[in-house]
Amino acid sequence: MVGIQFDSFAAMGVVVDLAGRVLAQQALPAPGERQPAEVVVEFAEHVRAMLDSAAVAPSDVLGIGLATYGPQDRDQGVLLTPQPTREWLGYPLAATLAEATGLPVAIENDATAAGIGVHTLAGAPSSFAVVFMSGGIGSGVILDGFPYRGVTSNGLELGHISVDAFGPRCDCGNRGCLDSVAGSIAVVDRALGDRALASRLGLGSDPLTDFKRIGRAAIAGDPDAAALIDASAQMMGIAAVTLVNLFDVGRVVLAGSAFTDIGPIYRDAVQELLDESVFMRHVHNVRVDLADDVSLAAAIGGAVVVLRNLLESPNLGGRVVSPS
């Protein structure tokens, strides 16, 4: 199976075998604000290159899983949001990539895919939560080995849980959403407002690249960068308490490329808040871990979704779009 995780600022591809072992991996050019048709053509080229690298014939591939942001319609294989540009809204993403590669294509929420990837590779317990951060913040929950999907597979939007009831108005209509006050873009926006810090760190690239620069500076001891990261991590911990209280899980896993390098700071901050505030803390502990490879978990999960769709629903239920 092939898996591709992407958002506006990052993309990663993998080829995995039926056991979920990675046979090939490749960082792909980020879509940015390019047209979806251009990005699909590029994805198809990289799929062929990865299969060649892994010495896997296309005829031996079950399909491609695209792990990306929502909201999305998994059955139709389309995104239901005008991000990063209006052209992406309703674009036939799965069908177009299927036509370009000759392979079936499924789409999956990136945070849910990360949970599936962690469950596949890490010997994780059958029930746990994932907090996923790349360009935005999302979450997923695996319950008894199966991803919780809700009515339309667009649930568990941790990034849109309010952590500040009187905070700034989010695009979703809520106030003080986790993503709008503590996500990578929010952290970068605050850093850019500090001209001295922005100059010192050489900020001005895309938000994910700039966020990683801020994170590395925090690790190196820059007090202004550390203050931004610490505030973000505290807010994430507050949201994680709500997540754990809702689902009574015993483990939270952090995944997503934003946690590269700086993951331990978020892990420790979230752990501290869960230890202090989770309702069931006197009944059981909740452990916070980093995914074995924070940047690959969602891509691996996207690939495994293809196999899970086949095993769980032999007629595919319209979730995998076959080439015409």
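I took helices as DSSP runs of H or I with at least four residues and strands as runs of E with at least two, numbered from the N terminus. I fitted axes as lines to C-alpha atoms, for helices over the stretch in contact, with angles from 0 to 180 degrees between N-to-C directions.

I worked on a predicted model, in which local features need pLDDT of at least 70, side-chain atom pairs count only at pLDDT 80 or more, and totals for chains, interfaces and linings use all residues. Residues are numbered from 1 along each chain as its sequence is written, and side-chain values use heavy atoms, without hydrogens and water.

**Helix pair.** I found that the axes of helix 8 (residues 223-247) and helix 9 (residues 263-277) come within 8 Å and cross at roughly 45°. Helix 8 is therefore oblique to helix 9 (oblique being what is left after under 35 degrees, roughly parallel; over 145, roughly antiparallel; and 65 to 115, roughly perpendicular). The contact (heavy atoms within 4.5 Å) includes Ile 229 and Val 244 of helix 8 and Ile 265 and Ser 277 of helix 9. I noted 13 nonpolar, four polar and one charged residue in this contact (nonpolar: Ala, Val, Leu, Ile, Met, Phe, Trp, Tyr, Cys and Pro; charged: Asp, Glu, Lys and Arg; polar: the others, Gly among them).

**Largest pocket.** I looked up pockets on a 1 Å grid over the protein atoms alone, as open sets with protein on both sides within 12 Å along at least five of seven lines, where lining residues have an atom within 4 Å of a point. The largest pocket has 38 lining residues, with Gln 83, Gly 135, Gly 136, Asp 179 and Ile 185 nearest its centre. Its lining divides into 14 nonpolar, 16 polar and eight charged residues.

Definitions and conventions
1 Å grid on protein atoms, 1.4 Å probe; cavity = no way out; pocket = protein on both sides within 12 Å on 5 of 7 lines; lining within 4 Å.
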